[in-house]
Amino acid sequence: MAYRFDAEKVTNDIVLWIRDFFEKNGKDCNAVLGISGGKDSSVCAALCVKALGNERVFGVLMPNGVQGDIDVARNLCTFLGIKSYEINIKSAYDGLMKEIEASFGSLSSQSVCNLPPRIRMSTVYAVSQSLNGRVCNTCNLSEDWVGYSTRYGDSVGDFSPLSRLTVQEVKEIGRVLGLPSEFVDKTPIDGLCGKTDEDNLGFTYAVLDKYIREGVCDDENTKELIDKKHRMNLFKLELMPVFEYKPE
């Protein structure tokens, strides 16, 4: 039987799941999330609004200096009617880089790329804790599958509505929620090095999603690349290994 995704049913199920999470883990708490203007944060914010009401959802915009597409994030908050806070992380990033370089020396390019999302997550948690909040993780299954996230950065949160859904499925949910194409179909950019997600990955999300859901990948080299990324990045999705001491 061909795989079929019922976007309307899944959307309703997620809304109920979010309500249940807050009932059990903070009945009077608010949902707080970083807003980039991309499909994932847009859909997560819209789901939280539908589940909790816009007065209980807060967006945090965190440019690192000048962000060319920041208006998309602002427009989303206006469209959903949620309160937002714009906190520029550049001074924190520059200050930390200066101190690291003075003491340690030059960081690797990967460390430099991953530092901003880790600063952003610290910022979101600081805001959330001051708003009686719970942080919404905005990762999706496609990104998680190949490790396209920063550990202890955008990979964390208190609840995650989209972690079991592919990019194509997230887009369908966005359309069910009535989000304009500006927020659902915006070309995903990592916000770190200026490249699109698909440029960085080496394959399209459409190809990746088909492989995840149907096990089909027409190009053997692409299949091997996806499998390699999946194996190498599984540790990001697992709990930290802990030595189990058993008193005798």
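Is Glu-220 buried, partly exposed or exposed? Glu-220 is partly exposed, with a relative accessible area of 46%; here buried means under 20% relative accessible area, exposed over 50%, and partly exposed in between (1.4 Å probe, protein chains only).

This is a predicted model, in which local features need pLDDT of at least 70 and side-chain atom pairs count only at pLDDT 80 or more, while totals for chains, interfaces and linings use all residues. Residues are numbered from 1 along each chain as its sequence is written, and side-chain values use heavy atoms, with hydrogens and water left out.

**First stop: the core.** Please select Ile-18, Phe-22, Ile-35, Leu-47, Leu-80, Phe-159 and Leu-179, the residues with the most contacts inside the largest nonpolar core, which has 38 residues. Such a core is a set of buried Ala, Val, Leu, Ile, Met, Phe, Trp, Tyr and Cys residues joined through side-chain atoms within 4.5 Å. Among the elements that each supply at least two residues of this core are helix 1 (7-25), strand 1 (30-34) and helix 7 (167-176). Helix 2 gives the largest share, nine residues. Helices (H or I, at least four residues) and strands (E, at least two) are DSSP runs, numbered from the N terminus.

**Second stop: helix 1.** Select Lys-9 and Asp-13, whose side chains meet in a salt bridge (2.7 Å, N to O). The term denotes a side-chain nitrogen of Lys or Arg within 4 Å of a carboxyl oxygen of Asp or Glu. Lys-9 and Asp-13 are about one helical turn apart, because four residues separate their positions in helix 1. Lys-9 is partly exposed at 47% relative accessible area, and Asp-13 is also partly exposed, at 36%.

The whole structure holds 11 salt bridges. One of them joins Asp-185 to Arg-175, with the closest N and O atoms 2.8 Å apart. This pair links distant parts of the chain, Asp-185 being in the loop between helix 8 and helix 9 (197-201) and Arg-175 in helix 7, 10 residues apart. Next, select Asp-40 and Lys-39, whose side chains form a salt bridge (3.9 Å, N to O); both residues are buried.

**Last stop: helix 11.** Return to Glu-220, which lies in helix 11 (residues 220-233). Glu-220 gathers with Asp-218, Asp-219 and Glu-224 in a patch of negative charge on the surface. Patch residues have over 30% relative accessible area and no salt bridge, and like charges are joined within 9 Å, nonpolar side chains (Val, Leu, Ile, Met, Phe, Trp, Tyr) within 5 Å.

Conventions:
Areas by Shrake-Rupley, 256 points an atom, 1.4 Å probe, with all protein chains shown as cover. Lys, Arg positive; Asp, Glu negative; His and termini not counted. Charge placed at Lys NZ, Arg CZ, Asp CG, Glu CD.
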